[in-house]
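Please review the briefing below alongside the sequence and the coordinates.

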Amino acid sequence: MAGVWINQILQGILLGGLYTMFATGLSLSAGVMRFVNIAHGDFIVLACFLLLILTTSLGLNPIVATLVILPVAFAVGFGLQRFLLQRVVGENVLLVILVTFGLSIIIENGLLEGFGADPQKVAGGWMETATIGLGGGINMGLFQVVTFVAAVAVVAALDLVLYRTGIGAKIRAVSDDVAAADLIGLSSVRIYAVAMGISFVTIGIAAGFMSIWTDFDPASGPTRLLIAFEVIVLGGLGSMWGSLMGGIVLGVAQSVGAQFDIAWQMLAGHLVFLIVLAVRPQGLFPKY
Amino acid sequence: MATNELLSVEGVSVFYDKFRALDRIDINVGAGEIVSIIGANGAGKSTLLKAIIGQAGRVEGRIQFEGENILGRATADIVAAGMMLVPEGRRLFPSLTVEENLRLGWAVGRKGEFGFAELWRLFPALEERKRQKAGSLSGGQQQMVALGRALLANPKLLLCDEISLGLAPLVVNELYALIPRVKERGIGILIVEQDIERSLAVADRFYCLLEGRVSLAGHPREATREMVMKHYFGL
């Protein structure tokens, strides 16, 4: 009987890897620019549909397709921040929320118009079906393990960029004091755009794994945003390794909850989120 | 008029909404010259520095740096061209280390000969603390980081906004002892300061601002205390 629970916890940890990927970009943009991009989840779904086109129409391998969209994702994030969101940043938090909420609606309905409401999925081929047996009836999907490892790599890479590179120091400086950055000639407008570009690269990576892991449809975005939001609050805003822990906590909570009753899956995740929020509102590994 | 003119501000007015913070100001600074701007609170001293570095609201008039118009240009461009501000209140990034704060100066600047070797020679106390968070330093050490950050940008013109503010007199002495050493490198220095005596002692020339206008200008040794007080307070 214990094997069942160990299995559920293990699957939950692996699911946490995917959840971490949803969250890292949001953690970066919210941590630096101090606003939540409401369309974050919808951009993940948009990228999933882009991958669907690249893999079906052009017949690209999913990994190649994901690599192809990463530079595009950076450009979209950079441009979105520079030419649209920058106009409302600093004015009023509500304005940014309204603008990104509007984007969310545009993306959802645009996708609905173009692809219909049917669930879609990118075929991962043999990667999806291969399993690693651990004995005692516990099996891990190869793809799930790869996703988790990739999530750890994304977190490590972002942490490295933020804390060991010149651009990372600039991003943290702007996050510390926007006006001071501008006073010494460190253009916050440019740094914001770069930070959003990096955030969007993680959106592209998350979409690469999500599009194979699970079905998606045009309305899948808000759920992804909610997960990402819960993960960064659990982990502590702006902390990359905290996002990984937050993702794992949420994944395990859902997975264990589902073992009691499948209807409890989402509820268990939300409950754990609310409990942590009440007991430790700064998150598990706060940075700010 | 300075012989080797670096900065020339002509007829500059700055507006915040309807309020005119500066009214047709004329000042200039030459290479290797220390110029002090004195004036009471609200006379427009900090506004003038912000207008020069490209961070003020609506600015009218002409601002030339090395003969080129810089009014309307982005601060990042002005800094890269060789001007750097030591902002009022230091404005370090507290969560970054001392070294990271300093590196930002180099990153935004002109990339000249003043590097970390020179910096550590000038501020030996900072080298020992380079891995510390800037927010953990004392006020005097933070001011040294702010000055060091500005010097690493290799400015031709250094703008210092109230660098003595909130610091112990001994620390202020140390800081002001450094100013002539900066000047020796041929750097022009524009100092804004409320401490009149300190500021006039180090300056080659000075301007006194009163309610947004230049009320007095000249050489410190030619100005009597009574003259300065009269134009400082407008009595």
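This is a predicted model: local features need pLDDT of at least 70, side-chain atom pairs count only at pLDDT 80 or more; totals for chains, interfaces and linings use all residues.

Residues are numbered from 1 along each chain as its sequence is written, and chains are lettered from A and ligands numbered from 1 in the order in which they are written.

**Interface of chains A and B**

- Contact here requires that the C-beta atoms of two residues, placed from the backbone, lie within 7 Å; 18 residues of chain B meet this criterion with 14 residues of chain A.
- On the side of chain B that touches chain A, the elements giving two or more residues are α2 (75–81) and α3 (98–108) of chain B. Helices are DSSP runs of H or I with at least four residues, and strands are runs of E with at least two, numbered from the N terminus.
- The largest share of that side, five residues, is supplied by α3(B).
- Twelve nonpolar, three polar and three charged residues make up the side of chain B that touches chain A. Ala, Val, Leu, Ile, Met, Phe, Trp, Tyr, Cys and Pro count as nonpolar, Asp, Glu, Lys and Arg as charged, and the others, Gly among them, as polar.

**Packing of α3(B) and α6(B)**

- α3(B) packs against helix α6 (residues 139–152) of chain B at an angle of about 35°, and the axes are 6 Å apart. Axes are lines fitted to C-alpha atoms, for helices over the stretch in contact, and angles run from 0 to 180 degrees between N-to-C directions.
- Val98(B), Asn101(B), Leu102(B), Leu104(B), Gly105(B) and Trp106(B) of α3(B) form the contact with Val145(B), Gly148(B), Arg149(B), Ala150(B) and Leu152(B) of α6(B).
- By class, this contact has seven nonpolar, three polar and one charged residues.

**Helices α10 and α12 of chain A**

- Twelve of the 15 residues of α10(A) are buried, so this helix is largely enclosed by the rest of the structure. A residue is buried if 20 or more other C-beta atoms lie within 10 Å of its own, exposed if 12 or fewer, and partly exposed in between, with C-beta atoms placed from the backbone.
- The cover over the buried residues of α10(A) includes α1 (2–33), α2 (40–56), α4 (93–115), α11 and α12 of chain A.
- Gly236(A), with a positive phi near 110°, follows α10(A).
- In α12(A), the buried residues are Ala268(A), Gly269(A), Phe273(A) and Val276(A). Viewed down the axis of α12(A), the buried residues fall within an arc of 135°, so they line one face of the helix; the arc is that of the directions from the helix axis to the C-beta atoms.
- Leu274(A), Ile275(A) and Ala278(A) are exposed on the face of α12(A) turned away from its buried side.
- The buried residues of α12(A) pack against α10 (221–235) and α11 (240–260) of chain A.

**Two single residues**

- Ala181(A), in helix α8 (residues 178–183) of chain A, is buried, with 23 other C-beta atoms within 10 Å.
- Apart from neighbours within four places in sequence, Ala181(A) is in contact with Ala173(A), Val174(A), Leu186(A) and Ser188(A).
- Glu226(B), in helix α9 (residues 225–233) of chain B, counts as exposed with 8 C-beta neighbours inside 10 Å.
- The C-alpha atoms of Glu226(B) and Asn28(B) are separated by 25 Å, the two residues being 198 residues apart along the chain.
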